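Subject: Structure handover

Hello,

Here is the structure I said I would pass on. Please open it next to this message and follow along; my notes come after it.

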Amino acid sequence: MKTTRTRPAKRSTSETEDVETFLASLEHPFKQEILALRQLILGAAPSIAEGIKWNAPSFRTSEYFATFQLRAKDGVQLILHLGAKKRDTAVSGIAIADPESLLDWLAKDRASVKFRDLKDIEARRAAFTELIRQWLKHV
């Protein structure tokens, strides 16, 4: 039986330019918060790349794992998931330490994180960065 190894995503210049072009034209009441979270996510691990998926900035390593939910009205929301492929974790779930209760579980392997404003992001930045690093272990 041959084992294949998934390599981490490389940060493609064209994908980054696509995200930057998308964000430059984005008119959103929480644009500064989106930009701040983008930097935190990209800084969480060198293997994280970005692209536009589901008409929003999204982040990936071997699979997409986080996507902005741009329709949120009361802050900025990020959906954490494990890509488009069906996995056993949909039934078994995943374990993430969340001492600051950032996660709102939407399914056993999918959650959302919301921030009210830049002050909220700054206050919980370390916990959020650690949460992203933990999430990556399941991707």
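The model is predicted, not taken from an experiment. I begin with the largest nonpolar core, which has 37 residues; the members that touch the most other members are I48, F65, F68, L80, F128 and W135. Two or more residues of this core come from each of α1 (13-25), α2 (31-44), β2 (56-60), β3 (64-69), β4 (76-80), β6 (110-115) and α5 (125-136). The largest share, six residues, is given by α2.

Leaving aside residues up to four places away in sequence, F128 touches L37, L40, I41, L78, L102, V113 and F115.

**The chain as a whole**

The chain holds five helices and six strands. Their order along the sequence is α-α-β-β-β-β-α-β-β-α-α. The chain has 139 residues, of which 45% count as buried. If you take the contacts between residues at least 6 apart in sequence, 56% of them join residues at least 24 apart.

**The sheet**

The six strands form an open sheet in the order β1-β2-β3-β4-β6-β5, and the pairing is antiparallel. Which strands stand at the edges? They are β1 (49-53) and β5 (103-107); each has a single partner strand, so one side of each has no neighbour in the sheet. Averaged over the sheet and ignoring direction, neighbouring strands are turned by 25° against each other.

Two of the pairings can be followed residue by residue. β1 and β2 are joined by five bridges in the antiparallel sense, and one partner pair to look for is E50 with F59 in β2. β2 and β3 are also antiparallel, over three bridges, and here S58 has T67 in β3 as its bridge partner. The hairpin from β2 to β3 runs through three residues.

Is β2 enclosed or open to the outside? Five of its five residues are buried, so β2 is largely enclosed by the rest of the structure.

**T67**

T67 sits in strand β3. Its relative accessible area is 7%; buried means under 20%, so T67 counts as buried. The side chain of T67 makes a polar contact with the side chain of H81, at 3.0 Å. Not counting residues up to four places away in sequence, T67 touches K53, W54, A56, P57, S58, Q77, L78, I79 and H81.

How does the length of α2 fit its number of residues? At 1.5 Å a residue, its 14 residues should span 20 Å, and the C-alpha atoms at its ends are 20 Å apart, which agrees. The buried residues of α2 are E33, I34, L37, R38, L40, I41, L42 and A44.

α5 has 12 residues and reaches 17 Å from its first C-alpha to its last, close to the 16 Å expected at 1.5 Å a residue. In α5, the buried residues are F128, T129, L131, I132, Q134, W135 and L136. These buried residues pack against α2, β3, β4, β5 and β6.

**Positive phi values**

N55 lies in the loop between β1 and β2. Phi of N55 is near 60°, a positive value in a residue other than glycine. With a relative accessible area of 61%, N55 is exposed, because the cut-off for exposed is over 50%.

S101 is found in the loop between α3 (89-92) and β5. Its phi is near 55°, again positive in a residue other than glycine. S101 is exposed too, with a relative accessible area of 57%.

Regards

Notes
Residues numbered from 1 in each chain as written. Predicted model: local features only at pLDDT ≥ 70, side-chain atom pairs only at ≥ 80, totals over all residues. Heavy atoms only, no water. Core = buried A, V, L, I, M, F, W, Y, C linked by side-chain atoms within 4.5 Å. Buried < 20%, exposed > 50% of the residue type's maximum accessible area, 1.4 Å probe, protein only. Helix = DSSP H or I, 4+ residues; strand = E, 2+ residues; numbered from the N terminus. Contact = heavy atoms within 4.5 Å. Expected span 1.5 Å × (residues − 1). Pairing = 2+ DSSP bridges. Axes fitted to C-alpha atoms, helices over the stretch in contact; angles between N-to-C directions. Polar contact = N/O pair within 3.5 Å; in protein donor to acceptor, adjacent residues only side chain to side chain.
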